[in-house]
Amino acid sequence: MIESLERNPESCMLPFYFFLDGGPGAKQEENMMIINNSKIKNKEIITRKRNYGCAKNLIDARRFMFDWCKYEKIIVIEDDIIVSPHYIRTLLALHQWAKQNYSNIGVVQCWSYCFLNSEEKRKKLHFVQNGETYWWSFVSYCLDQEVWHALRPILYEYETRFVDKIPWTEDFFKERSKPGLSSVGPDIRAWVKHLIDTQGPKRVKEGPCFKTNIDLRAIFASINYDITSQDLMTGFVLWMAGYVKIETVVNRARHIGKYGITVDEKLFKLLQHDKITLDYYEEDATLTDFREIPQ
């Protein structure tokens, strides 16, 4: 992942923050060595003294970037993907285009489930689509301060009400990454249902809206539906705030993580990540105008 970031010219200009979770088997020293030896110029490393798990680690990372550092927008990149040489530039260009043309864009991403061949991709580099099919996927995205302010009340309540109540002991390692699988799982699902019943999703702002048909009511009606911070909770609060996620039709990133807390080799293949290729296009170096893909 670091090597793919180094190929982006922005690696010599933008600030990069690395949030390294702690706990048994965290390998913080090895990861710090990789980061410090990289060509990324401006880098800060934040190490956790214990295992936060995906949920708290990612909530706290966004809190640090927005609430404390006061950045206007950030790019979140998880550690199990590789990106194209113009990935950062394309993502920032997509965010700017989306904000100029639509009032309801919350998150933009240049990762997608794309199974096109190289030539088919070249014809669709400028097309974007709503991310409703995989609304729960947030492996890398651009998010701004305005949207974060709309998302954080529910995320912070979720954190204090449920995530922070999961014990820090090693026995609860997996539950801290997927709180919906912990003993508080039923309480989380009941809380989500209560929010949907009492608050709604909010109405979108005035102005042109990117079309979406997603409605999470039926999905969350399932009593066994799992909710995790890094994906499902972010998608849920985005929907509750009246925003949508859009993505480029052509992927500029690819999953490489086959082994971890939430993914194993079997699930990696089931999700067809092994069938997605990552192709590089010089057109991305100057691409600024995008278009909603015809339905």
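What is the volume of the largest cavity? About 110 Å³.

1. Basis. This is a predicted model, in which local features need pLDDT of at least 70 and side-chain atom pairs count only at pLDDT 80 or more, while totals for chains, interfaces and linings use all residues. Residues are numbered from 1 along each chain as its sequence is written, and side-chain values use heavy atoms, with hydrogens and water left out.

2. Cavity. The count comes to one cavity of 30 Å³ or more. A cavity here is a set of points, on a 1 Å grid over the protein atoms alone, where a 1.4 Å probe fits but cannot get out; lining residues have an atom within 4 Å of a point. Grid points are joined across faces, edges and corners, and the volume is the space filled by probe spheres set on the points. The lining of the largest cavity has 14 residues, of which Trp 135, Ile 214, Leu 238, Val 244 and Lys 245 are the closest to its centre. H10 and strand S8 (244–248) each give two or more residues to this lining, and H10 has the largest share, with three. Helices (H or I, at least four residues) and strands (E, at least two) are DSSP runs, numbered from the N terminus. By type, the lining holds eight nonpolar, four polar and two charged residues; Ala, Val, Leu, Ile, Met, Phe, Trp, Tyr, Cys and Pro count as nonpolar, Asp, Glu, Lys and Arg as charged, and the others, Gly among them, as polar.

3. Nonpolar cores. A core is a set of buried Ala, Val, Leu, Ile, Met, Phe, Trp, Tyr and Cys residues joined through side-chain atoms within 4.5 Å. Buried means under 20% relative accessible area, exposed over 50%, and partly exposed in between (1.4 Å probe, protein chains only). The largest core has 44 residues, and Met 233 and Phe 236 touch the most other members. Among the elements that supply at least two residues each are helix H3 (53–68), strand S7 (140–144), helix H6 (145–161) and helix H10 (229–240). A second, separate core of 32 residues includes Tyr 87, Trp 111, Val 139 and Val 244. Beyond four places in sequence, Met 233 is in contact (heavy atoms within 4.5 Å) with Ile 154, Leu 155, Tyr 158, Trp 191, Ile 227 and Thr 228.

4. Trp 148. This residue of helix H6 is buried, because its relative accessible area is 0%. Not counting residues up to four places away in sequence, Trp 148 touches Ile 59, Arg 62, Arg 63, Phe 66, Asp 67, Leu 143, Leu 155 and Tyr 156. Its C-alpha atom is 9.8 Å from that of Glu 72, a residue 76 places apart along the chain.

5. Asp 144. Strand S7 contains Asp 144, which counts as buried at 9% relative accessibility. Its side chain makes a polar contact of 3.0 Å with that of Lys 99. Such a contact is a pair of N or O atoms within 3.5 Å; within protein, one must be able to donate a hydrogen and the other to accept it, and residues adjacent in sequence count only if both atoms are side-chain atoms. Leaving aside neighbours within four places, Asp 144 is in contact with Phe 66, Glu 72, Lys 73, His 95 and Lys 99.

6. Positive phi. Lys 70, in the loop between H3 and S3, has a phi near 65 degrees and is exposed at 57% relative accessible area. Gln 272 has a positive phi of about 65 degrees although it is not a glycine, and is partly exposed at 35%.

Conventions: On a 1 Å grid over the protein atoms alone, a cavity is a set of points where a 1.4 Å probe fits but cannot get out, and a pocket is an open set with protein on both sides within 12 Å along at least five of seven lines; lining residues have an atom within 4 Å of a point.
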